Amino acid sequence: MPFDWSNLITTQHLINLLDVAVVWYAIYKLMMLLRGTKAVQLFKGIIVIVIIKLLSWYIGLSTVSWIMDQVINWGIIAIIIIFQPEIRRGLEHLGRGTFVHNRKQGAEEEKMVKALDQAIQYMSKRRIGALITIQMNTGLEDYIETGIKLDADITGALLINIFIPNTPLHDGAVIIKDNKIAVAAAYLPLSESNLIPKALGTRHRAAVGISEVTDALTIVVSEETGGVTITKNSELLRDLTQNDYLKLLRNELIPKQEVKNDNILTKFVDGFAKSFKGGRKH
């Protein structure tokens, strides 16, 4: 007997699939919102409590199950209080219409890379220490809140002026978010890794520290040597040349789709130009 696909693909089934998809998308966005914040540890604790509740119910541990019920019931109020900054931030994103994040097509990122290059070259030659963190997918709100708000366009001149020694903003990190300098003089977590060479100072430890808890990309200019270091995902890339760090920055910051489209467009234009020249010869 042939299978009747019409019984499988029904309006009710499609609605159920949409329902599940919306719930999973909401959970995914919540996880993205919590990543890189202190609340993520509390979120893990909630998951542990739910797992204990399910196991105690399945095994038949009635006392443990009752205690977990009380924790969960009263925990709703605690969650609202504990996660208040994250809830506010999520509602703000939703109100601004940026809950669904669309990256720009590459022009802004290329402009940012050039500004960073200008600042890095200037500071490296003069051995001016700098610490610049660029937000990727993980939120950096906990660290942004520790800095002095700027919300300024990224330019080489502004970055240089921020890190000039003995100025109010030079101590701490610049955090870049959504192609803007969000804050200066921000505090980043220091890594306690024993793998970091002792010759490296606080800036490098802060750069590694933020890379251990988020996917941020951080640039360090050494005050002692002028060397350029980039950290990401707990990796420490030291003494990079200009070509090295430019290649890395473009790789990480400029959307891959844009590069691909540019290559396709370039090939098309080149092919068209060759055809046009060939036609003129005839």
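This is a predicted model: local features need pLDDT of at least 70, side-chain atom pairs count only at pLDDT 80 or more; totals for chains, interfaces and linings use all residues.
Residues are numbered from 1 along each chain as its sequence is written, and side-chain values use heavy atoms, with hydrogens and water left out.

The chain has 11 helices and seven strands, taken as DSSP runs (helices H or I, at least four residues; strands E, at least two) numbered from the N terminus. Of its 282 residues, 36% are buried, meaning under 20% relative accessible area with a 1.4 Å probe, protein chains only.

Now to the inside. The largest nonpolar core holds 32 residues; such a core is a set of buried Ala, Val, Leu, Ile, Met, Phe, Trp, Tyr and Cys residues joined through side-chain atoms within 4.5 Å. Helix H6 (107-126) is one of the elements giving two or more residues to this core, and H6 supplies the largest share, seven residues.

Leu249 is among the residues with the most contacts inside that core. Leaving aside residues up to four places away in sequence, Leu249 touches Val113, Leu116, Leu217, Ile219, Ile230 and Ile254, where contact means heavy atoms within 4.5 Å. Apart from this core lies another, of 15 residues, including Ala207.

Let me finish on Thr231, in strand E6. Is Thr231 buried or exposed? Thr231 is buried, with a relative accessible area of 0%. A polar atom of its side chain lies 2.9 Å from the backbone oxygen of Ala207.

Technical notes. Buried means under 20% relative accessible area, exposed over 50%, partly exposed in between (1.4 Å probe, protein chains only). A polar contact is a pair of N or O atoms within 3.5 Å; within protein, one must be able to donate a hydrogen and the other to accept it, and residues adjacent in sequence count only if both atoms are side-chain atoms.
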